[in-house]
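Thanks for coming, everyone. Let me put the structure up, and then we'll walk through it piece by piece.

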Amino acid sequence: MAIVRYNQYDLRKHNTFGMDVKAEQFITYDTVDELIAVLAEIRQNGKPILHIGGGSNLLFTKNFEGVVLHSNIKFIEYNIQDGEELKVRVGSGIVWDDFCAEMARKNYYGSENLSYIPGEVGASAVQNIGAYGVEVGSIIQEVETVEIATGCQRVFQAKDCAYGYRDSVFKNRLLGKYIVTAVVFRLSTVPKVHLDYGQLKELREQNIVPSAQMIRDAVITIRKSKLPEPEELGSAGSFFKNPVVPKVVYEDIAQAYSNVPHYIVDEENVKIPAAWLIEQCGWKGKTHGGAAVYEKQPLILVNKNQATPTDIIELADLVQQSVFEKFHIHIYPEVNYI
Ligand SMILES: Cc1cc2nc3c(=O)[nH]c(=O)nc-3n(C[C@H](O)[C@H](O)[C@H](O)COP(=O)(O)OP(=O)(O)OC[C@H]3O[C@@H](n4cnc5c(N)ncnc54)[C@H](O)[C@@H]3O)c2cc1C
């Protein structure tokens, strides 16, 4: 167990966009006590702090003049089983998909639709990651944290995390105030499947109860066919959030485009896929400097050829502008600009 410190640290391997930036200091820790000690130290020198996981939802816009922290708290602990429900407590530094793989191997249901999402367990609870009709907030029981300002430990119940679409209290009211050290998940020992989304419907049509591993395998196959592998092509996944618009705005668009895909959110609001809006503006596959709109999925901006942060920022601005000009809809980045 140890705290490890690096100065002028190269962050290229810590952000899936592959931005060539440095951190003034980079510190890793293995335990909650070590984190509390590091925070006390940083408080004395007053440097800005950024906690990262796998760097798969970040856009570093420049070098980070401060301390970048990274958790190596790694454990998976099986707690009380209550009927069909099992509580699993997981350290923040565990790679998210390693956790999903382990749960699928044991045939515990809950995380399988979220398989193969890059990143680490700590960030999953901040980001409320979601895919194929499931959001992680729906399987979270508790989030264990340390407050940056005081070093005090605090446990948030899921209901206090304000989970919404790619959103949580840690991204809003308490942004930059707490570091997640562990997450307690509620999994099911009996099948609880979500197969209503996209190509997963094919599994449902087979008229069998699929194992968690079968669902995980199907999700991975679909994802591999659609999404760029970060090691091969830098990206941060979906760059923009899908906009939720008033029904009248959707109806206006539908008059001109009868095929506009949409999901009813409630009586007054409709969600329109940002990918569709971007594609209609002709951006699919287009490049700007070293950055590009991914040709298989226009919601993703990629580092095609040694893109600089400016290339990505300018491309994102251009895409946002043209969606607004054509549809009068603002689309906003899901990615965290640092
Ligand atoms: C190819 C690709 C596909 C993707 N697909 C999806 C998808 O299907 N669904 C989806 O929801 N996302 C997706 N993403 C986005 C990304 O994987 C998630 O947002 C993920 O949760 C980020 O995890 P991370 O560990 O890399 O966090 P980072 O990018 O390092 O950090 C994200 C945010 O969390 C904060 N943070 C990180 N760790 C902690 C901690 N321990 N305590 C407090 N704050 C912390 C950071 O400060 C930052 O604000 C995809 C990304 C890529 C590259």
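Let's start with one residue. Leu39 counts as buried, because 20 C-beta neighbours lie inside 10 Å. The cut-offs are these: buried takes 20 or more other C-beta atoms within 10 Å of a residue's own, exposed takes 12 or fewer, partly exposed is in between, and the C-beta atoms are placed from the backbone.

Two notes before I go on. Residues are numbered from 1 along each chain as its sequence is written. This is a predicted model, where local features need pLDDT of at least 70, side-chain atom pairs count only at pLDDT 80 or more, and totals for chains, interfaces and linings use all residues.

Back to Leu39. It is found in helix H1, residues 32–45. Helices (H or I, at least four residues) and strands (E, at least two) are DSSP runs, numbered from the N terminus. Which residues does Leu39 contact, leaving aside its neighbours within four places in sequence? Val146, Ile148 and Gly151. Contact here means C-beta atoms, placed from the backbone, within 7 Å. Ile49 is 10 residues from Leu39 along the chain, and their C-alpha atoms are separated by 9.1 Å.

Strands S10 (residues 140–147) and S11 (residues 153–157) run antiparallel, joined by 5 bridges. Strands count as paired if DSSP finds at least two bridges between them. Glu144 has Val155 in S11 as its bridge partner. The hairpin has 5 residues between its strands, and there Gly151 takes a positive phi near 75°.

Now the domains. The protein chain is divided into domain 1 (4–71), domain 2 (76–226) and domain 3 (234–337). Those bounds come from an automatic or database domain assignment. Between domain 1 and domain 3, the C-alpha centres lie 30 Å apart. The two do touch: 11 residues of domain 1 are in contact with 11 residues of domain 3. On the domain 1 side, that makes 5 nonpolar, 5 polar and 1 charged residues. For classes, Ala, Val, Leu, Ile, Met, Phe, Trp, Tyr, Cys and Pro are nonpolar, Asp, Glu, Lys and Arg are charged, and the others, Gly among them, are polar.

Next, helix H2, residues 96–105. Its buried residues include Trp96, Phe99, Cys100, Met103 and Ala104. Why are they on the same side of H2? Because they cover an arc of only 130° around the axis. That arc is taken from the directions from the helix axis to the C-beta atoms. The general rule: an α-helix has 3.6 residues a turn, so residues three or four places apart point the same way. What covers the buried residues of H2 includes strand S6 (76–82), strand S7 (85–91), H3, S12 and helix H5 (212–226).

On to the ligand. How many residues surround it? The answer is 34, and the closest are Gly53, Gly119, Gly122, Ala123 and Gly237. Near means a C-beta atom, placed from the backbone, within 6 Å. The largest share of the shell, 5 residues, comes from H3. Elements that each supply at least two residues are strand S3 (49–52), helix H3 (121–127), strand S8 (130–131), strand S12 (178–188) and S13. By class, the shell has 15 nonpolar, 17 polar and 2 charged residues.

S13 deserves a look of its own. This strand, residues 234–238, is mostly covered, with 5 of its 5 residues buried. S13 pairs with strand S19 (residues 300–303) in the antiparallel sense, over 3 bridges. Ser238 stands opposite Ile300 in S19.

There is also an open sheet of 3 strands, in the order S14-S16-S15, with antiparallel pairing. Strands S14 (244–246) and S15 (263–264) stand at the edges with a single partner strand each, so one side of each has no neighbour in the sheet. S14 and strand S16 (residues 269–271) are joined by 3 bridges. Val245 stands opposite Val270 in S16.

Most residues other than glycine have a negative phi. Asn207 has a positive one, near 60°. Asn207 lies in the loop between helix H4 (201–205) and H5, and counts as exposed because it has 6 C-beta neighbours inside 10 Å. His328 also has a positive phi, of about 55°. His328 is exposed, with 11 other C-beta atoms within 10 Å. Just after H2, Asn107 takes a positive phi of about 60°.
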